Amino acid sequence: MPVEETDTQVIVTLPSDPTTKVTILKYGGTVISWLNKGNEQLWVSEGAFLDGSKPVRGGIPLVFPIFGKQKDESHPTYPLPQHGFVRNSTWEFLGQTTANPPTVQFGLGPEQINSDLLKLWDNGSNDFTLILTVKLEAEKLTTEIEVENTGSKKFEFNWLFHTYFKIPDITDTLINNLIDQKCYDQLLKEHYTEKSPIISFHEEFDRIYQSIPLDKIFQIIEFGKVLINVRRLNLPDAVVWNPWIKKSEATADFFPKTGYLNMVCVEPGNVSSFINLNAGEKWKGGQELSIGGEIKVQTNI
Ligand code: BG6
């Protein structure tokens with residue numbers, strides 16, 4: 001059966017290969033597993049809560065309408081918790097839209113969001129519909145989001161796919177094609193231009209790469225082999241994050257504590273600026289994750 005729905009999740013299987021499947025938790029609209037030919041591509045903490053009591057630590061949590069915590073007290077997103085409220089709301093399964101490649105959709109609107117949380121964004125005055133589309137192909141997973149302003153006034157928001165990739169060893173992992181991109185280092189609290197032709201990891205890493213040309217594809221590479229290609233669709237920014245030792249220790253649902261060795265977050269988003277959406281308007285963004293292929297070095301394009 002290509003699409004199977006339970007009370008809490010939806011499992012989509014590739015018709016031509018039963019060992020390729022994606023599992024989406026209705027809570028958070030969170031992709032919690034992507035098996036490609038039986039191999040898991042996403043990292044999920046063994047301490048993650050999958051019962052709807054907390055955002056999932058791993059997989060692909062969804063971030064809206066604010067990335068991180070808003071510091072500007074005058075902004076309507078200021079009262080919101082870190083990363084907003086959709087990663088901890090239960091999405092409605094809307095069904096399958098295409099049989100092959102199998103594609104499913106989930107929807108979320110204010111009526112499905114806890115009213116206390118909703119009130120924290122502009123006193124609950126914004127009306128919106130979010131549609132999440134998940135498409136599974138051989139060697140490829142695409143997740144897309146459409147945000148529609150169904151209210152009568154404009155609002156502004158961030159979007160981010162907080163994707164946790166499963167990797168063999170962070171100390172052997174490289175990410176390319178970020179050279180010459182502007183970034184904000186969340187640890188140093190400094191803006192600078194990335195000068196490394198390839199990123200490697202030796203300590204906690206938390207950088208927001210900003211306004212990157214959309215034809216740049218990031219590749220997660222280990223020992224000369226491309227593990228994953230990350231392509232962005234209408235999402236100019238990308239956060240790269242690894243919590244390393246102390247932050248993993250301090251994060252209650254991060255388990256095992258050595259798990260930082262086996263994960264890296266590469267998070268396509270629109271977070272260094274806000275997307276403005278007038279009443280009645282729609283906006284779309286997405287990420288396309290694919291496996292393997294050649295190393296492609298892209299300099300300034
Ligand atoms: C990343 C941020 O996107 O998410 C980090 O850049 C943050 O600063 C991380 O620590 C995890 O956030 P959370 O809210 O899931 O613990």
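Here are some friendly notes on this predicted model, from the overall fold down to single residues.

1. A word on conventions. Residue numbers start from 1 along each chain as its sequence is written. Because the model is predicted, local features need pLDDT of at least 70 and side-chain atom pairs count only at pLDDT 80 or more, while totals for chains, interfaces and linings use all residues.

2. Overall make-up. The protein has 2 helices and 22 strands; these are DSSP runs numbered from the N terminus, with helices being H or I of at least four residues and strands being E of at least two. Its radius of gyration, 18 Å, is close to the 19 Å that the globule rule gives for 301 residues, so the protein is as compact as a globular protein of that length. That radius is taken over C-alpha atoms, and the rule is 2.2 Å times the number of residues to the power 0.38. Along the principal axes, the C-alpha atoms fill a box of roughly 50 × 50 × 40 Å.

3. Burial and contacts. Of the 301 residues, 41% count as buried (20 or more other C-beta atoms within 10 Å of the residue's own; exposed means 12 or fewer, partly exposed in between; C-beta atoms are placed from the backbone). Taking contacts between residues at least 6 apart in sequence, 66% join residues at least 24 apart. Contact here means that C-beta atoms, placed from the backbone, lie within 7 Å.

4. The five-stranded sheet. An open, antiparallel sheet runs in the order E1-E2-E3-E4-E5, where pairing requires at least two DSSP bridges between two strands. Its edges are E1 (3-5) and E5 (39-40), each with a single partner strand, so one side of each is left without a neighbour in the sheet. Inside this sheet, 5 bridges join E3 (residues 17-25) to E4 (residues 30-36), and Leu25 has Thr30 of E4 as its bridge partner.

5. Strand E8 (residues 103-108) pairs with E9 in the antiparallel sense over 6 bridges, and Gly107 stands opposite Ile131 in E9. E9 then pairs with E10 over 10 bridges, again antiparallel. These two strands form a hairpin with 2 residues between them, and Glu139 in the turn has a positive phi of about 65°. Glu144 is worth a look: Thr133 has Glu144 in E10 as its bridge partner, and Glu144 in turn has Gly286 in E22 as a partner. Altogether 9 bridges join E10 (residues 140-149) to E22 (residues 282-291), which run antiparallel.

6. Gly124. This residue lies in the loop between helix H1 (115-118) and strand E9 (128-137). With 14 C-beta neighbours inside 10 Å, Gly124 counts as partly exposed. Beyond its neighbours within four places in sequence, Gly124 is in contact with Leu118 and Lys119. Lys26 is 98 residues away along the chain, and its C-alpha atom is 22 Å from that of Gly124.

7. The ligand. Around the ligand are Gln82, His83, His162, Gln186, Asp206, Val239, Trp241 and Glu267, a residue being near when its C-beta atom, placed from the backbone, lies within 6 Å. By class, this shell has 2 nonpolar, 4 polar and 2 charged residues (Ala, Val, Leu, Ile, Met, Phe, Trp, Tyr, Cys and Pro count as nonpolar, Asp, Glu, Lys and Arg as charged, and the others, Gly among them, as polar).

Terms used:
Two residues are in contact if their C-beta atoms, placed from the backbone, lie within 7 Å.
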